[in-house]
Amino acid sequence: MLSDHTLRVYPDPVLREETKVIESFDESFDTFVDELKNFMIEYDGVGLAAPQIGESLKVAVIFYEEKFYVLVNPVIKYKEGEQRDQEGCLSFPGIFEDVTRPYRVIVEARDGKGVPYTVEAEGFLARAMCHEIDHLNGRLMIDHLSPMKREMIKKKLSKMRREDNDS
Ligand SMILES: [Zn+2]
């Protein structure tokens with residue numbers, strides 16, 4: 001069951017907002033994290049950040065190799081190497097583009113209960129973490145592309161919106 005939150009698609013301004021640091025790990029935060037997970041599963045995403053369902057909060061979730069990662073107030077402490085691969089985002093439906101990311105990262109975060117942890121990730125998981133942490137800083141996949149690519153994507157998405165409104 002989904003609440004009154006809705007999936008936010010570019011250029012929804014909430015995707016660019018500064019997110020708030022999480023300070024209280026109470027029951028309502030718990031409920032919100034569950035909701036994020038449910039949205040991610042519902043829309044078949046690999047990761048989802050709070051702004052993508054309309055909340056400017058520093059929390060994102062990732063599901064990778066049968067494991068849920070809850071990233072609260074995450075910070076990339078170290079990055080190394082480079083990888084280039086196709087990336088998608090639930091806020092850019094139908095768009096897949098090559099994006100360059102670090103190959104390996106060390107991320108410090110808190111889990112859903114507020115317990116600090118460190119995770120070393122490489123390859124796909126490192127990419128997913130960079131993508132979600134970008135969201136928490138108002139940064140999006142298209143910011144990593146050339147201005148020309150970016151314009152093409154904007155046009156494509158606005159055309160899709162017009163077609164949705166016509167039907
Ligand atoms: Zn995304």
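**Strand pairing and packing in a predicted model**

Author: In this predicted model, S1 and strand S2 (residues 59-64) run antiparallel and are joined by three bridges.

Reader: How do you know that S1 and S2 pair?

Author: Two strands count as paired if DSSP finds at least two bridges between them. S1 and S2 have three bridges, so by the criterion of at least two they pair. Within this pair, Gly47 stands opposite Ile62 in S2.

Reader: What makes S2 and S3 a pair, and what lies between them?

Author: Six bridges join S2 to S3, again set against a requirement of at least two, so these strands pair as well. Their directions are antiparallel, and Val59 stands opposite Val72 in S3. The two strands form a hairpin with two residues between them. Glu65, in the turn, has a positive phi of about 45°.

Reader: Why are S1 and S7 called edge strands?

Author: The open sheet has five strands in the order S1-S2-S3-S6-S7, with antiparallel pairing. Strand S1 (47-49) and strand S7 (116-122) each have a single partner strand, so one side of each is left without a neighbour in the sheet. From one strand to the next, the twist averages 40°.

Reader: Which helices pack against these strands, and at what angles to S2?

Author: Helix H1 (residues 27-42) lies across S1, S2 and strand S3 (67-80), and runs at about 45° to S2. Helix H2 (residues 123-136) packs on the sheet, where it touches S1, S2, S3, strand S6 (104-110) and S7. The direction of H2 makes about 160° with that of S2.

Reader: What is the pattern of helices and strands along the whole chain?

Author: The protein chain has three helices and seven strands. Along the sequence they follow the pattern α-β-β-β-β-β-β-β-α-α.

Reader: What share of the residues is buried, and what does a residue need to be called that?

Author: Buried residues make up 30% of the 167 in the protein chain. To be called buried, a residue must have 20 or more other C-beta atoms within 10 Å of its own.

Reader: What share of the contacts with a separation of 6 or more comes from residues 24 or more positions apart?

Author: Such residues account for 64% of those contacts in the protein chain.

Technical notes. Residues are numbered from 1 along each chain as its sequence is written. This is a predicted model: local features need pLDDT of at least 70, side-chain atom pairs count only at pLDDT 80 or more; totals for chains, interfaces and linings use all residues. Helices (H or I, at least four residues) and strands (E, at least two) are DSSP runs, numbered from the N terminus. Axes are lines fitted to C-alpha atoms, for helices over the stretch in contact, and angles run from 0 to 180 degrees between N-to-C directions. Two residues are in contact if their C-beta atoms, placed from the backbone, lie within 7 Å. A residue is buried if 20 or more other C-beta atoms lie within 10 Å of its own, exposed if 12 or fewer, and partly exposed in between; C-beta atoms are placed from the backbone.
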